[in-house]
Amino acid sequence: MIFITVKFLVKPEWTERWPELTAGFTEATRAEPGNLWFDWSRSLENPNEFVLVEAFKDDAAAAHVQSDHFQQAMKDMVPALVETPKIINTVIDGEEWSRMGELTVD
């Protein structure tokens with residue numbers, strides 16, 4: 001799978017509106033064939049930082065970045081950002097989350 005993590009540093013005046021700004025993009029991406037997950041989190045240390053963790057089947061990522069909703073989201077996000085987002089994009093084996101062996105909950 002293609003595994004992607006992106007950190008978005010958002011202007012303070014956009015922080016509370018960020019979920020609304022990205023809602024359509026999130027919904028459309030989750031509906032794409034080959035999307036495995038597309039999950040947002042907010043930093044505990046910096047309330048203006050949002051982290052996106054996403055994954056696609058190997059053959060689905062190209063269609064994602066070429067989609068109309070992706071192209072529109074890239075335009076819509078710019079006014080809300082402090083800087084260019086930071087990204088990690090890699091290919092790993094598997095298509096689902098594994099259980100953490102070091103911490104087991106019965």
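The largest pocket holds about 300 Å³ of space in this predicted model, for which local features need pLDDT of at least 70, side-chain atom pairs count only at pLDDT 80 or more, and totals for chains, interfaces and linings use all residues. Residues are numbered from 1 along each chain as its sequence is written, and side-chain values use heavy atoms, with hydrogens and water left out. A pocket here is an open set of points on a 1 Å grid over the protein atoms alone, where a 1.4 Å probe fits and protein lies on both sides within 12 Å along at least five of seven lines; lining residues have an atom within 4 Å of a point. Its volume is the space filled by probe spheres set on the points, which are joined across faces, edges and corners.

The lining of the largest pocket consists of 18 residues, and Val6, Glu54, Phe70, Met74 and Ile87 are those nearest the centre. Two or more lining residues come from each of strand 1 (2-9), strand 3, helix 2 (61-66), helix 3 (68-77) and strand 4 (86-91). Helices (H or I, at least four residues) and strands (E, at least two) are DSSP runs, numbered from the N terminus. By class, 15 of the lining residues are nonpolar, two are polar and one is charged. In this scheme Ala, Val, Leu, Ile, Met, Phe, Trp, Tyr, Cys and Pro are nonpolar, Asp, Glu, Lys and Arg are charged, and the others, Gly among them, are polar.

The protein chain has three helices and four strands, arranged from the N terminus in the order β-α-β-β-α-α-β. Its C-alpha atoms fill a box of roughly 40 × 35 × 20 Å along the principal axes. Of the 106 residues, 36% are buried, where buried means under 20% relative accessible area, exposed over 50%, and partly exposed in between (1.4 Å probe, protein chains only). Contact means heavy atoms within 4.5 Å; among contacts between residues at least 6 apart in sequence, 74% join residues at least 24 apart.

The largest nonpolar core has 18 residues, and Phe8, Val10, Trp18, Phe25, Met77 and Leu81 touch the most other members. Such a core is a set of buried Ala, Val, Leu, Ile, Met, Phe, Trp, Tyr and Cys residues joined through side-chain atoms within 4.5 Å. Strand 1, helix 1 (18-30), strand 3 and helix 3 each contribute at least two residues to this core, and strand 1 gives the largest share, four residues. Another core, of six residues, lies apart from it and includes Phe3, Trp37, Val51 and Ala55. Beyond its neighbours within four places in sequence, Trp18 is in contact with Phe8, Val10, Trp40, Phe50, Met77, Ala80 and Leu81.

Ala55 belongs to strand 3 (residues 49-56) and counts as buried because its relative accessibility is 0%. The C-alpha atoms of Ala55 and Glu45, ten residues apart along the chain, are 25 Å apart.

Two residues of strand 2 can be set side by side. Asn35 lies in strand 2 and is buried, with a relative accessible area of 14%. Not counting residues up to four places away, Asn35 touches Thr29, Arg30, Ala55 and Phe56; its C-alpha atom is 9.7 Å from that of Asp58, 23 residues away along the chain. Ser41 is also in strand 2 (residues 35-42), but Ser41 is partly exposed, at 42% relative accessible area. Ser41 touches Glu49, Phe50 and Val51, again leaving out residues up to four places away.

Finally, Lys86 sits in strand 4 and is exposed, with a relative accessible area of 53%. Lys86 and Leu9 are 77 residues apart in sequence and 8.9 Å apart in space, C-alpha to C-alpha.
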